[in-house]
Amino acid sequence: MAETLLALRDISVRYGTSDVLEAPSLDVRRGEILAVMGPNGAGKSTLLRVMGLLQRPDRGTVWFRGSEVLPSEAHAARRRMATVFQEPLLLSMSVYDNVALGLRLRGWERRAIERTVGAWLERLGIAAIARRSARTISGGEAQRTSLARAFVLNPELLFLDEPFAALDPPTREALLVELEAILRETAVTTVFVTHDRNEALMLGDTIAVLLAGKILQIGSSEEVFFHPADEKVAEFVGTANILAGVVERREGERAWIRVAAGCWLLPCAAAAGAAVKLCIRPEEIAVIRAPGDGPPPIGRIRFQATVTRIVACGFDARVVLECGGIQLHARVARGALDGLCQRDQVAAEFSPAAVHVIAGS
Amino acid sequence: MELIAEGVIAAFALLFGDPEVWTITWLSVKISGLATGLSLALGMPLGIALALARFPGRSVAVALVNTGMGLPPVVVGLFVSIFLWRSGPLGFLELIYTQTAMVMAQVIIALPIVAGLTMAAFQSLNPNLRLQLFGLGASRLQVLWLLGKEARLPLLAAVMAGFGGVISEVGASMMVGGNIRGQTRVLTTATVLETSKGNFAIAIALSLILLAVSFALNLVLTHIQQRERIPWPRPS
C-alpha cells in the first residue's frame with residue numbers, strides 16, 4: 001500500500017457549541033483519489049479546509065509528508081497543494097494572469113510561466129480566451145480557468161470542493177470527463193468533495209461518507225454502495241429499501257430472517273434472535289408482471305406485491321410496491337414498464353446476494 | 001447674476017495677475033495632500049484590520065470609526081486647539097497656528113473616512129477569496145496585496161473621499177491654523193475672509209479654484225478607477 005501523504009488525527013472543529021466536524025483519523029495515500037461524499041451541511045468543506053491547512057481545527061493535528069504541520073510550516077506545506085472551490089473565485093484580471101497567479105507568487109521567471117500556463121490553457125480548452133478579462137467569461141470557462149490555475153502548480157495534493165456543483169448538466173459532464181482524464185494522467189493525489197453520488201463513483205478510488213460531521217464509512221465504491229456500514233450511510237448512498245428483520249435461525253453461513261413480507265434465507269453473520277436491517281438497492285429488485293404459478297428460479301427470492309405508485313425519475317421509473325404492510329422501491333427502465341399500472345398484482349424478485357445485512361441495529 | 005459674472009471675470013484676472021492666489025492654492029494642496037497621505041498610511045491598515053481580523057472590542061472600534069466618518073470639523077478644530085493651546089497639554093510643542101497643526105486636524109478628520117471606506121472595500125470581497133489565495137500558495141503579505149488590488153475601485157473612492165473631505169473643510173483649518181497670510185491661509189479660510197469683507201469677486205475666484213483642484217484630482221482618480229469598468233447590461 002502506498003505511503004500516507006496527508007493524515008488527520010483527532011481533529012475536531014466546532015462553531016459555537018456544536019461540533020461540525022469530528023475526524024479521529026483519516027489518511028490520504030499518495031496517488032489515490034479520495035471522494036468525500038455527503039449531503040449539504042455535513043461538514044465537507046470544513047474537512048477540506050482543515051486538510052488544505054486553510055482552517056485551524058479546534059483540536060487535533062494535520063500530518064503532511066510524514067510529519068505534523070506546525071503553524072510556522074503551513075505556508076511551505078500549502079505551496080505543495082492546490083485548492084479549487086465551488087465558486088471559481090477569479091481575480092479581476094485576464095484569464096492568463098489568473099492561471100499564472102500561483103507561479104508568479106512563487107517567483108517563477110516569465111518564460112517558464114509562459115510555457116507552463118500555455119500548456120494548461122490548451123489542455124483545458126481556454127487558450128482562445130486567455131486575453132479576456134475573467135469577469136466576462138461564462139461559468140464553465142471560469143471553472144476551467146480555476147482548474148488550470150490549480151494544475152499549473154503541479155501540486156502534490158489537490159483539493160476539489162464541489163467544483164461542478166454550480167454548472168449546468170452538459171457543461172458539468174463534459175468537464176467531469178476531462179477532469180477524470182487529467183487526474184489519471186497526472187496521477188496527482190486528490191481529495192474530491194461532492195454531494196453527487198455519480199461524481200463520487202466516477203472519480204473516487206476510495207469513497208468516504210461524511211454525515212453530520214462524522215466519517216461513517218470509508219472504503220471502495222463497491223463497499224460503500226453495496227455494503228453500507230449502517231442505516232444512515234445506506235440511506236445516503238441510495239439504498240432506498242431498508243427493512244427491519246429478526247434472525248429466526250441460522251443455517252451454516254446463512255440465516256433465515258423474518259421480515260414483514262416473509263421469511264428469507266440470506267447470507268448473514270448475526271446470531272439467532274438478533275435484530276437486523278436488510279438493505280436492497282432499488283435496481284436489484286425485478287418486477288415480474290405475469291409470474292405464473294411455478295416456484296421462482298433457483299437462488300432467487302420472490303414475493304407477491306401490489307403496485308401502489310409509479311414515479312418517473314429521469315430515464316428510469318421508480319415503482320413503489322406494497323407487500324405485507326411494507327413498501328419497497330424498484331427501479332425499472334421506463335421503456336420496460338410496458339403498461340404497468342397502479343393496483344397491478346405483480347411478483348417482485350431479487351437475489352439473496354444483492355441483500356446487504358446490517359447487524360445490531 | 002451680475003455679481004457672479006463679475007466674480008468669474010475677476011477670478012481669471014486673479015489667476016494670472018495675483019501671485020498670492022497661487023500661494024494660497026499651493027498651501028491648500030500641500031496641507032490637504034499631506035493630511036490625506038498620512039490618513040491613508042494610518043487608516044488603510046486600520047480598515048484592513050477591522051475588516052479581516054477578529055479581536056475583542058472589534059465592534060466597538062467599528063462603531064467608533066463609523067461615528068468618526070461624520071465628525072464635524074469644527075469639533076475637531078476645537079479639541080485640537082485646546083490641546084495645542086499655549087497653556088494646553090501639548091502647548092509646549094508650540095504648534096498652534098502652524099501648518100503642522102492644520103495637518104494634524106485634517107488627519108483626524110480624514111482618518112476615520114479612509115479607515116471606514118477601506119473596511120467596507122475589503123468586506124465587499126468574497127470571504128472565500130482570501131482562502132483561495134492562501135490555497136494557491138500566497139503568503140500573508142501577498143494575500144493582502146492581491147486583496148487590495150481586487151478592492152482597488154472602492155479603495156480609490158476612499159482616497160477621493162478623504163482628500164475631498166479635508167480640502168473643503170474650513171472650521172478646523174481656521175481654528176488651528178489662524179488664517180495667517182502666507183502661512184496658514186488656504187482656499188477655504190481665504191474664501192470666508194474675503195466674503196466677510198464683502199470682496200465677493202475674490203471669494204468667487206477662490207471658490208472656483210477650489211472646485212477646479214477638487215475636480216482635477218477626482219478626474220484623474222476616476223479615470224484610473226473606471227478604466228476597466230464593464231458596462232451594466234441595458235434592459236430593453
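**Figure 1. Helices of chain B in the predicted model.** Chain B comprises 11 helices and zero strands. Read from the N terminus, its elements follow the order α-α-α-α-α-α-α-α-α-α-α. Along the principal axes, the C-alpha atoms of chain B occupy a box of roughly 65 × 60 × 30 Å.

**Figure 2. Burial and contacts within chain B.** Chain B has 236 residues, of which 37% count as buried. Where contacts in chain B link residues at least 6 apart in sequence, 75% of them join residues at least 24 apart.

**Figure 3. The contact of chain B with chain A.** Chain B contributes 15 residues to this contact, and chain A contributes 21 residues. On the side of chain B that touches chain A, helix H6 (127–135) and helix H7 (140–150) each provide at least two residues. H6(B) accounts for the largest share of that side, namely six residues. Classified by residue type, the side of chain B that touches chain A consists of seven nonpolar, seven polar and one charged residues.

**Figure 4. Gly137(B) in the loop between H6 and H7.** Gly137(B) lies in the loop that separates H6 from H7 in chain B. This residue counts as buried because 23 C-beta neighbours fall inside 10 Å, whereas the criterion requires 20 or more. Leaving aside residues up to four places away in sequence, Gly137(B) touches Arg78(A), Arg79(A), Gly102(A), Leu105(A), Arg106(A) and Leu153(A).

Technical notes. Residues numbered from 1 in each chain as written. Chains lettered and ligands numbered in written order. Predicted model: local features only at pLDDT ≥ 70, side-chain atom pairs only at ≥ 80, totals over all residues. Contact = placed C-beta atoms within 7 Å. Helix = DSSP H or I, 4+ residues; strand = E, 2+ residues; numbered from the N terminus. Nonpolar A, V, L, I, M, F, W, Y, C, P; charged D, E, K, R; others polar. Buried ≥ 20, exposed ≤ 12 C-beta atoms within 10 Å, placed from the backbone.
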